Amino acid sequence: MQKLFLWVACFAATTAGAAALDESNTYTPKPVMMDKEDKIASNTDTAIEAHLAISELDSLPNVEQSIQPLAEEQVQEQKSSANKNIVIDSLTLKSLAKHPQWQHLLFYKNGKAEVISPDFYLTNPKPRSKRNFDPYAELLATIKQSNDESVVCKYPARYLWLTHHLPELNVDLKNCSQLPDPNQEISLILVSNYLKNPASSFGHVLVKTNIPIDDADSMVQDVRELSSEDLLNSSYNFGARIPANENGAMYAIKGLFGLYDAGFSETEFFKQDAVYSKNEQRDMWEYVLNLDTFDTQLLNYHLYEAKSARFDYYFIKQNCGYRSGEILELISDVKTTERIGPWYAPDYVFDQLLEHESETESESLVSSVRYLPSEQTQLREKFVQLSKPIQDIINAVIRTEDTAPLATLDEESRALALDFLILHRTYKISQDNTPKQQAFKNVLLSQRFTLPASNGLAQLPVPNKASPALSNKTTQTRIVLSDEMAEVGLSLFVKDPLNAYTDIDKRFEAVKASLGYNFDERQWTLTDFVFLDMQQIEDLRQPLSGEPKLSWQLKTGARTDWFTGNHHSPYAQAGIGAGAKFGQHLLGYGMVNATVHDQDKHADIGIELGLRAKRDSRSAELSYIASKREGRNAIDLTKFTVRQQLSKNNDARLIVTYSDTVTADNDVILDDSDTLNAAIAWHHYW
């Protein structure tokens, strides 16, 4: 009893000292009494109301300094006296309500609660009208129901956090049998972009939990083959709830204007691996977070709570990257959601994470980065390591589905070839699951069972591939200057094949606008607008039979018409062709392009040739484009670009163009383009 009296006296002194901070305020806070059985009480009703004036809290010290944890023996005494009233200073409660971690647990940001599902908050604000939501009232409601086991088990992260700061609450989560293991390590996974589906062209972010691995060697492997245990780990995927058979146009409109609701769904990781690695053939990079015990437990429980939350979904802003990256803000000072502008690419999460790593001197937030190659990448990389005779026989079996050529191999080589063919057939089944595919796989399996066990295929390594997050950020601002004109431009999303750590065989750009100022005419003109620009170069030299060989590109927007000089001419261009890669640093391609537009004849035909080379911070591209319109002379343009990276998010370029074409409209010469023009450009990414 004496200890309890002293404890109450200490809190009373603290309250009095805090009140003295603002002498002009006539309100003197009272200690809040918490009855563990069913209620919170105080000497006055106003001491626990949500609308108490809290302006005096701006002068309070940091809550971490103002809240002193009880000594262990005091905690044990409190636990043994659970039925006694507990005194909690109201200023302490209001300080906790303003704590960033508490507000992150509630998804409360910029004065607004972002969860729209009606049962996520105990104070039940009106759905889709959360500006009247009060984190302080929610805190009081959470504490008040700390004896209700169903509530405690629904909000384990809240009660873990409150117990950490107010150990006298004595909340025990041991009876909550449905909760996940709170000590699982947590990873963020970056999924590469997928050009065949515009909705996936920006990449994707997943959250994954893992049972800690005891083998230290496997923790630091750059390239990791997923084990069966790893595939059974949980993953959390944020996405919109889209009705069945929703067409693409409606998806784009609703996704842009927040007409879908979205949330986190939990599933075994093998289901995500089947979609991204096996079906869409997308590489992944797993960023394993380095967290202490409390943050690990808090984040695991927060993910559990987040499953019951629904949000408005905005495709270009509050998307998978925004929500998945948001969890980092709960346990660190990484600013993943403070994005300038109305768009948010999933890569931005990892950009911020890497920048935080380089700027802080504290312990790294990332313990390791693991490359998870797609099934297609694994097949291609393993195939090139096989001997030429084995490659030829494997290709013959793939083309004919006749296993007779395997008989010419020795037993060890035949086992290796069958292992590869079984893996290849599994890969094909993920693309096209037919009875014929399954039947041939069974033939391969039956032949493999007659041979001794071998791990020869598993021993063929897949080389590491650097994460695209090491490249520049994805929004580009540029300035181009020549002797004839100046140009400024903005691209909301860019994956330039000339940039470091980007794929040399892919180009992607969305929503680009360029304004040009002509020095002679002294006027600004919208010179180019690109809504979407995609290019995928497939390697004709790919030795594995049956792999894609057709290269393609698609571009649409508005531009100055080459043939007439008319500004703002809308167009759409599609091209098909072939390409070849020579190692990782050199690529060549050729395309035949068809363009439709709003000018005379409404269609053009043309060719495009290109050569790219890059290594480390330097790159270059040489391209030639020729276009022909019925009744007009052909127009061509040769362009040579040299790029030098200045820093992670800045580069300088020299651009030289040449054309020997006379542009004419109805026999009137508009422009004699038989010129050599040079320009310098600066690109900044943010």
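How many salt bridges does the structure hold?

## Salt bridges

The structure holds 37 salt bridges, each being a side-chain nitrogen of Lys or Arg within 4 Å of a carboxyl oxygen of Asp or Glu. Please keep in mind that this is a predicted model, where local features need pLDDT of at least 70, side-chain atom pairs count only at pLDDT 80 or more, and totals for chains, interfaces and linings use all residues. Residues are numbered from 1 along each chain as its sequence is written, and side-chain values use heavy atoms, with hydrogens and water left out.

One of these bridges joins R323 to E114, with the closest N and O atoms 2.7 Å apart. R323 lies in helix α14 (residues 320-331) and E114 in the loop between β5 (112-113) and α6 (135-144), so this pair ties together parts that are 209 residues apart in sequence. Helices (H or I, at least four residues) and strands (E, at least two) are DSSP runs, numbered from the N terminus. R323 is buried, with a relative accessible area of 1%, and E114 is buried at 14%. Here buried means under 20% relative accessible area, exposed over 50%, and partly exposed in between (1.4 Å probe, protein chains only).

## Two further pairs

D261 and R310 also meet through their side chains in a salt bridge (3.6 Å, N to O). D261 sits in strand β9 (residues 260-268) and R310 in the loop between α13 (293-306) and β11 (311-313), so the pair ties together parts that are 49 residues apart in sequence. D261 counts as buried at 15% relative accessibility, and R310 is buried with a relative accessible area of 17%.

Another salt bridge brings together the side chains of D528 and K512 (3.6 Å, N to O). D528 belongs to strand β16 and K512 to strand β15, 16 residues apart. Both D528 and K512 are buried. Through shared partners, salt bridges also join K109, E114, R323, E326 and E329 into one network.

## The disulfide

Searching the whole structure turns up 1 disulfide, meaning a pair of cysteine sulfur atoms within 2.5 Å. C153 and C176 form this link, with their sulfur atoms 1.9 Å apart. The link is left-handed, with -80° about the S-S bond. C153 lies in helix α7 (residues 149-154) and C176 in the loop between α8 (156-165) and β6 (185-191), so the pair ties together parts that are 23 residues apart in sequence. Both C153 and C176 are buried.

## Loops with positive phi

Most residues other than glycine have a negative phi. H568 is not a glycine, yet has a positive phi of about 60°. H568 is in the loop between β17 (551-559) and β18 (569-581), and counts as partly exposed at 46% relative accessibility.

K601, also not a glycine, has a positive phi of about 70°. K601 is in the loop between β19 (586-597) and β20 (603-615), and counts as partly exposed at 49% relative accessibility.

## A helix residue and its spatial partner

E229 lies in helix α10 (residues 228-231) and is exposed, with a relative accessible area of 55%. E229 and F270 are 41 residues apart in sequence and 9.8 Å apart in space, C-alpha to C-alpha.
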